[in-house]
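The following note sets out points for discussion, in numbered form. Please read it alongside the sequence and the coordinates.

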Amino acid sequence: MENKINILWADDEIDLLKPHVLFLTDKGYNVQTANSGDVALELVKKNNFDIIFLDENMPGLSGLETLSKIKNSKPEIPVVMITKSEEEHIMEDAIGSKISDYLIKPVNPSQILLSLKKILDNKRLISEKTTSAYQQDFRNIGMTLSDKLNFGEWCEVYKKLIFWELELDKSKDPSMTEILKMQKTEANKLFGKFIENNYVNWLNGKDKNPPLLSHTLLKNRLAPLLDKEGPVFLMLIDNLRFDQWKMIQPIINEYYRIENEEIFSCILPSATQYARNALFAGLMPSEIERMFPKLWMNDEEDGGKNMHEEEFMNAQLKRWGKDIKMSYNKITNLSAGKKLAENIPNLSQNKLNIIVYNFVDMMSHARTEMEVIRELANDESAYRSITVSWFEHSPLHDIIKQLAEKKIRLVITTDHGTIKVTEASKLVGDRNVNTNLRYKTGKSMDYVKKDVFEVENPSDAFLPKQHVSSVFVFAKEDLFFAYPNNYNHYVSYYRNTFQHGGVSMEEMLIPYITLEPR
């Protein structure tokens, strides 16, 4: 053992435990002994121990009293309580005093060793096991990727990659994290080809089993819920990726149990103006433009592009034949969130309440614009972590608690995800080309064809055609579009920022969760 572990063992019959002490010494541990609570406390003052074994039944200062004093002075040291008694109140007292383990006399050397491993080596062992398990699954995922996958299989691959990403986050193994990153990059490359080959067919009825898409989601999933008793809250957290959902899920699990968790496909462009309008209208963008010519805004037009979601949703409810009371609430700042939390009792009288919460979207854009956020969310792990921190302290958390107390059914979803972009792809266009970094639409654009999913005829993808020669191009993998003018400055400014609008698993494979109160 390179860095020897320092153990303190306090027991009034310590002489009888010499074989155990020798056993641990042979295993490479440093063991100091004490025959009373007072001696143990003196040693704790003067030395740095990694772990303490403490006899519960000592004359003078008892084990529990010693434990209390140790925890007052050095709360970080793990303590294992050893006792002859199995009385419940002693166990409860010890556990209440934050012990790390509990052993009943007589103890044997293997029990002691197991306790040490469990407490001191726990993180290392978990890390090693995680690394080993991913190494095995790495081959399985690689073999799966070489198959011709359907949409459901792509969702399973993505779930698996996210699972390992979150597990390796905990294990802090940079080498395995790098390997996973490479595998995810390879998966995104193949996913881009999958979308190129299938996306237009999904929309045009040429695939007998198309996935759930933004515009078909609510009709297929929300409408049936409205036939059940009681109100429904639909919470759309803008820009929420599947990995971010998995991070906040344990918090929500305290109040809600998951009835159904699935992944649906965001339409293209995977951007708010298109995806969220399609979701609430139950229509593709060109259909919205045709049916609501005064409400739809194209990229070139000035003005807010998501101002009419409530009207779109009401029209969709009418098409379903649902004459129900609905509220639509869009939250873009903290004070609006707090105000909404206070209004939950009133909203609970409605059959359907929609809450669009914009924070995650604001955070991802802020990460591009603000140096502070750039520092806070400098990688995927930090981006997930900041989402959890926000959620724990947000009015949204309070709203979910309130809804659970009222036994109200809850649905959580999003409109699109986001991807960390790392490399630029050159594109030239006129001044009317839109500003989004992951998709471009316009006429006479010049771009690198291998970097994009190209839709030469926008109507094939049910997208508005602003000019006779308009095309749409979507960046694949982790690319972002950059103009040749001032190229280097532009690239260094936007590299490693989180963007959306293009073709990637992170942007398109997004969560829809139905929850029941506990």
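How many helices and strands does the chain have?

1. Overall content. The chain has 21 helices and 19 strands in what is a predicted model. Its C-alpha atoms fill a box of roughly 95 × 55 × 45 Å along the principal axes. Of the 518 residues, 55% count as buried. Among the contacts with a separation of 6 or more, 74% come from residues 24 or more positions apart.

2. Leu410 has Leu515 of β19 as its bridge partner.

3. The pairing of α11 with α13. Two packed helices are described by the angle between their axes and the distance between the axes. For α11 (residues 272-281) and α13 (residues 309-320), the angle is about 35° and the axes are 7 Å apart. On the α11 side, the residues in contact are Arg276, Asn277, Leu279, Phe280 and Ala281; these meet Glu309, Phe312, Met313, Gln316 and Arg319 of α13. By class, this contact comprises 5 nonpolar, 2 polar and 3 charged residues.

4. The sheet of 3 strands. A further open sheet has the order β14-β12-β17, again with mixed pairing. Both β14 (446-447) and β17 (479-482) have a single partner strand, so one side of each is left without a neighbour in the sheet. Strand β12 (residues 423-428) pairs with β17 in the parallel sense over 4 bridges, and Lys426 stands opposite Ala482 of β17. Helix α20 (residues 487-494) lies across β12 and β17, at about 145° to β17.

5. Which residues of helix α2 (residues 37-46) are buried? They are Gly37, Ala40, Leu41, Leu43 and Val44. These residues lie on the same side of α2 because they cover an arc of only 165° around the axis. The cover over the buried residues includes β1 (6-10), β2 (30-34), β3 (51-55) and α3 (63-73). Lys45 and Lys46, by contrast, are exposed on the face turned away from the buried side.

6. Cysteines. A disulfide is a covalent bond between the sulfur atoms of two cysteines. The structure holds 0 disulfides. Cys155 is buried, with a relative accessible area of 6%. For Cys266, in turn, the closest cysteine sulfur is that of Cys155. Cys266 is likewise buried, with a relative accessible area of 0%.

How values were computed:
Residues are numbered from 1 along each chain as its sequence is written. This is a predicted model: local features need pLDDT of at least 70, side-chain atom pairs count only at pLDDT 80 or more; totals for chains, interfaces and linings use all residues. Side-chain values use heavy atoms; hydrogens and water are left out. Two strands pair if DSSP finds at least two bridges between them. Helices (H or I, at least four residues) and strands (E, at least two) are DSSP runs, numbered from the N terminus. Contact means heavy atoms within 4.5 Å. Axes are lines fitted to C-alpha atoms, for helices over the stretch in contact, and angles run from 0 to 180 degrees between N-to-C directions. Buried means under 20% relative accessible area, exposed over 50%, partly exposed in between (1.4 Å probe, protein chains only). The arc is that of the directions from the helix axis to the C-beta atoms. Ala, Val, Leu, Ile, Met, Phe, Trp, Tyr, Cys and Pro count as nonpolar, Asp, Glu, Lys and Arg as charged, and the others, Gly among them, as polar. A disulfide is a pair of cysteine sulfur atoms within 2.5 Å.
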